[in-house]
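Please look over the sequence and the structure first, and then read on.

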Amino acid sequence: MATQRYFRPWYFIFPGAALGLITLGYPIFQAIYHSFHAVTMRRLGDGVFVGLDNFAQLFGDHLFMRSIVATVHFTLGSTLLAVGFGLFIASVMSSRGIRGTALARFFMAFFLIPFVTTQVVTGILGRLYVWQTSYGLVNFLLETVGLERVRWLTSMDHAMTATVITNGWRMAPLALLIFYAALATIPDEIVESAEVDGASFLTLWFRIKYPMIRFHLGFVSLIILTSAFREFDVIYGLTGGGPGRSTEVLSILVYRLGVTQGNMGMANAVSVTMLVIVSVITIAAVKIGKLGAMSE
């Protein structure tokens, strides 16, 4: 009986696990395999084993190091913007007097629009209607308050800012949903008691609300960070990695090496490097979360 109780959950897990192993495991294995070979897109099965030469060449390439810097900039900027904006809106919508009203439901639906829009559509719409120099929405608003137009997507100084804001705006609804659900579960009695005792806004946040949602905060930050780290569609739709490769993150570099140049060995080496980095970040975050839970 004990053996049956142990294996019974696996009966339900096995179909999904098998499907994931086929659809994800095999491509990952192929990527790792090709990263150690000199192979082109036209002749994937005729690669020559080169060991770590692809990785040595990769880390000696200044364009790869530049892509890492761009990826870090994009990832951190998108994560901070999405988490911060989502937390702010969730705090407002979950406050007493607003939570559960028609106004809260309207704004919830309004802020969910970016999240249900595909990444490619988000990038293309941003390029055509939001960040466009002559008639884009952002420059229209700047001119309305008396400021000059900015060449957002054609300037190396501003293109990354536009991509970060666009992706942060797209991912903010995920943070909003989870934070709103977490904040809505905090009993009003606790908040009211703290206010009666004279707790300020900051004290209320850092002494009562933050401890109750800090695991949600860590979870959302990790999800958005890993998603932004491998983002391709939004950046490609906005800038294509330009101008001057200023927004060429690692995912865009993989596309350029593999699809444009046909160098699948180098492209897979970049992909494997991304996989290692994301795995390290995820494992470290999980370990930190466990240590934080154990210290309580």
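## A salt bridge between partly exposed residues

Glu 143 counts as partly exposed because its relative accessibility is 38%, and in this predicted model its side chain meets that of Arg 149 in a salt bridge, with an N to O distance of 2.6 Å. Arg 149 is likewise partly exposed, since its relative accessible area is 43%. Side chains of opposite charge can pair when their charged atoms come close.

The structure holds four salt bridges, and among them is the one in which the side chains of Arg 245 and Glu 248 meet, at 3.7 Å from N to O. Arg 245 is partly exposed, because its relative accessible area is 30%, whereas Glu 248 counts as buried, because its relative accessibility is 5%.

Glu 248 also forms a salt bridge with Arg 256, where the closest N and O atoms are 2.8 Å apart, and both of these residues are buried. Through salt bridges that share partners, Arg 245, Glu 248 and Arg 256 are joined into one network.

## The nonpolar cores

The largest nonpolar core is made up of 28 residues, and those with the most contacts inside it are Met 93, Leu 176, Phe 179, Ile 213 and Ile 224. At least two residues of this core come from each of helix 3, helix 4 (102–111), helix 8 (159–184), helix 9 (188–196) and helix 10 (201–229), and helix 8 gives the most, with nine residues.

Once residues up to four places away in sequence are set aside, Met 93 touches Ile 98, Arg 99, Ala 104, Phe 107, Met 108, Leu 176 and Tyr 180.

## Ser 91 in helix 3

Ser 91 lies in helix 3, which covers residues 62–93, and it counts as buried because its relative accessibility is 15%, a value under the 20% limit used for that class. When its neighbours within four places in sequence are left aside, Ser 91 is in contact with Leu 183 and Trp 205.

## A nonpolar patch on the surface

On the surface, a nonpolar patch is formed by Val 120, Val 121, Ile 124, Leu 125, Leu 128, Tyr 129 and Tyr 135, which together have about 620 Å² of accessible area. One of these residues, Ile 124, is found in helix 6, which spans residues 119–130, and it counts as partly exposed because its relative accessibility is 32%.

## The chain as a whole

The secondary structure of the protein chain comes to 13 helices and two strands, and its C-alpha atoms fill a box of roughly 75 × 75 × 30 Å, taken along the principal axes. Of its 296 residues, 38% count as buried, while the chain exposes about 17,400 Å², of which carbon and sulfur atoms supply 70%. Among contacts in the chain with a separation of 6 or more, 66% are accounted for by residues 24 or more positions apart.

An unreviewed UniProt entry lists residues 68–285 under "domain: ABC transmembrane type-1". In the model, that span is 75% helix and 0% strand, and its end C-alpha atoms lie 20 Å apart.

Technical notes
Residues are numbered from 1 along each chain as its sequence is written. This is a predicted model: local features need pLDDT of at least 70, side-chain atom pairs count only at pLDDT 80 or more; totals for chains, interfaces and linings use all residues. Side-chain values use heavy atoms; hydrogens and water are left out. Patches are made of residues with over 30% relative accessible area and no salt bridge: like charges are joined within 9 Å, nonpolar side chains (Val, Leu, Ile, Met, Phe, Trp, Tyr) within 5 Å. Accessible areas come from the Shrake-Rupley method with a 1.4 Å probe; for residues, only the protein chains shown count as cover. Helices (H or I, at least four residues) and strands (E, at least two) are DSSP runs, numbered from the N terminus. Buried means under 20% relative accessible area, exposed over 50%, partly exposed in between (1.4 Å probe, protein chains only). Contact means heavy atoms within 4.5 Å. A nonpolar core is a set of buried Ala, Val, Leu, Ile, Met, Phe, Trp, Tyr and Cys residues joined through side-chain atoms within 4.5 Å. UniProt positions are given in the numbering used here, feature names are shortened, and annotations may be inferred rather than shown by experiment.
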